[in-house]
Amino acid sequence: MTDLVRFGIAMDRALLERFDGLIERRGFANRSEALRDLVRRAIDQDAWDSGKLVCATITLMYDHHVRELTERLNELQHDFGEAIVSTLHVHLDHNHCMEVIACRGRARQLREVSERLFGVKGVLSGGVVASALPKGQ
Ligand code: NI
């Protein structure tokens, strides 16, 4: 880590005890590492909420026997082709598939594509994990 800055934080004792419990359970090396993790998560969340450039995975689980489902998912992915970098398809069992779609683009566009994918009949679950892109991108 370059250019490390130290700063003090005042915190309510009860809150700090709960924070230390969380650090213990999650196995952080120390409070600084735990705080850096929280800050990075907040930055990722802010990038998503404010529509900034992000990289993200959209994960879907669906029953591929539902009529026209795979065609609809394919069509939507073509419509948002410039934001989709790669797709991983896993055949979970006889009925179910998982798809992990790697994306890069404006958060508002990725939100739209994810919501449209989740809304397709036969999609059983879905989620998005987004990260702010490094500065300068
Ligand atoms: Ni499959």
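How much accessible surface does the protein have, and what share of it belongs to carbon and sulfur atoms? I looked this up before anything else. The accessible surface comes to about 9,600 Å². Carbon and sulfur atoms hold 52% of that surface. I note here that the model is predicted.

**Entry: layout**

I went through the helices and strands next. The protein has four helices and four strands. Along the sequence I read the pattern α-α-β-α-β-β-α-β. Then I checked the overall spread. The radius of gyration is 19 Å, well over the 14 Å that the globule rule gives for 137 residues, so the protein is more spread out than a compact globule. I also looked up the box that the C-alpha atoms fill. Taken along the principal axes, that box is roughly 60 × 35 × 25 Å.

**Entry: burial and contacts**

What percentage of the 137 residues is buried? I found 26%. I then turned to contacts between residues at least 6 apart in sequence. Of these contacts, 68% join residues at least 24 apart.

**Entry: charges**

I looked up the charged side chains. There are 19 positive and 20 negative ones. The centres of the two sets lie 6 Å apart.

**Entry: cysteines**

How many disulfides does the count give? The count comes to zero. I checked Cys-103 in particular, and Cys-103 is in no disulfide. Its nearest cysteine sulfur belongs to Cys-55 and is 9.8 Å away. A disulfide needs two cysteine sulfur atoms within 2.5 Å, so I kept that cut-off in mind.

Is Cys-103 buried or exposed? Cys-103 is buried, because its relative accessible area is 4%, and buried means under 20%. I looked up Cys-97 as well. Cys-97 has a relative accessible area of 3%, so I wrote it down as buried.

**Entry: Arg-18**

Where does Arg-18 sit? I found Arg-18 in helix α1, which covers residues 13-26. Arg-18 is exposed, with a relative accessible area of 66%.

**Entry: Glu-68**

Which loop holds Glu-68? I placed Glu-68 in the loop between β1 (53-63) and α3 (69-79). I looked up its backbone angle too. Glu-68 has a positive phi of about 65 degrees, although Glu-68 is not a glycine.

How values were computed
Residues are numbered from 1 along each chain as its sequence is written. This is a predicted model: local features need pLDDT of at least 70, side-chain atom pairs count only at pLDDT 80 or more; totals for chains, interfaces and linings use all residues. Side-chain values use heavy atoms; hydrogens and water are left out. Buried means under 20% relative accessible area, exposed over 50%, partly exposed in between (1.4 Å probe, protein chains only). Helices (H or I, at least four residues) and strands (E, at least two) are DSSP runs, numbered from the N terminus. The radius of gyration is taken over C-alpha atoms; the globule rule is 2.2 Å times the number of residues to the power 0.38. Contact means heavy atoms within 4.5 Å. Accessible areas come from the Shrake-Rupley method with a 1.4 Å probe; for residues, only the protein chains shown count as cover. Lys and Arg count as positive and Asp and Glu as negative; His and the chain ends are not counted. The place of a charge is taken as NZ of Lys, CZ of Arg, CG of Asp or CD of Glu.
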